[in-house]
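This report describes selected backbone and packing features of one protein model. The sequence and structure come before the details.

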Amino acid sequence: MRVLGVDPGLTRCGVGVVDGVAGRPLTMRGVGVVRTPADAELGLRLVAIEQGIEQWLDEHDPEILAVERVFSQHNVRTVMGTAQASAVAMLCASRRGIPVALHTPSEVKAAVTGSGRADKAQVGAMVTRLLRLDAPPKPADAADALALAICHIWRAPAQNRLQQAVVQNRFQQAAAQHAARTLTAQQAAQKGRTA
């Protein structure tokens, strides 16, 4: 599985591509940051992010895009910029028919370090170790993008099994409801014939 991880941000949007499957060694295919000038107009910044994400999609042809789920922070302005950058990345992938997966920061930290409260240095150190790199990717946004990709690779099999179980459960419930309705209809028809 090839995953493009995106750590969304208006000034620095981290991107990282990882190949692998759960339980096997992972391989980094690329890591970087899409940058926009803080003093540029918002629309131009979003276009620049789109162009950067499109280049990564063209170059690496991922099977899935893993994006950090935006969560509420104290600084609404920061959250808005992060959400806008996230939406651009999701749009780029969806336009190409590439599935998008969202992971919370604590899910990513827990998957990579074992603790949902790990700090950026711990995440960077584990990404370095897991991908057998010489040094942690800089800036931290780039390491976070790789962590998102790793998280998705490791979590996807469990999520798929869970989704299959939910679908199977719904199917069984629907079949039981259909059988109950059919039996009720048959019983009503039987009463109508005997009356």
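Arg132 is placed in the loop between H4 and H5. Arg132 is not a glycine, yet its phi is positive, at about 55 degrees. Helices (H or I, at least four residues) and strands (E, at least two) are DSSP runs, numbered from the N terminus.

The model is predicted: local features need pLDDT of at least 70, side-chain atom pairs count only at pLDDT 80 or more, and totals for chains, interfaces and linings use all residues. Residues are numbered from 1 along each chain as its sequence is written, and side-chain values use heavy atoms, with hydrogens and water left out.

The loop between H4 and helix H5 (140-194) also holds Pro139. A cis peptide bond joins Lys138 to Pro139, with omega about -10 degrees.

Asp61 follows H1 and lies in the loop between H1 and strand E4 (64-68). Asp61 counts as exposed because its relative accessible area is 59%, where exposed means over 50%, buried under 20% and partly exposed in between (1.4 Å probe, protein chains only).

Helix H1 itself covers residues 42-60, and its 19 residues should span 27 Å at 1.5 Å a residue; the end C-alpha atoms are 27 Å apart, which agrees. The expected span is 1.5 Å times one less than the number of residues. Buried in H1 are Arg45, Ile49, Gly52, Ile53, Glu54, Trp56, Leu57 and His60. These buried residues pack against strands E1 (2-7), E2 (12-19) and E3 (27-35) and against helix H2 (76-95), contact meaning heavy atoms within 4.5 Å.

Helix H3 (residues 105-113) packs on helix H4 (residues 120-130) at an angle of about 50 degrees, and their axes are 9 Å apart. Axes are lines fitted to C-alpha atoms, for helices over the stretch in contact, and angles run from 0 to 180 degrees between N-to-C directions. H3 and H4 are therefore oblique to each other; angles under 35 degrees count as roughly parallel, over 145 as roughly antiparallel, 65 to 115 as roughly perpendicular and the rest as oblique. Lys109, Val112 and Thr113 of H3 make the contact with Gln122, Val123, Met126, Val127 and Leu130 of H4.
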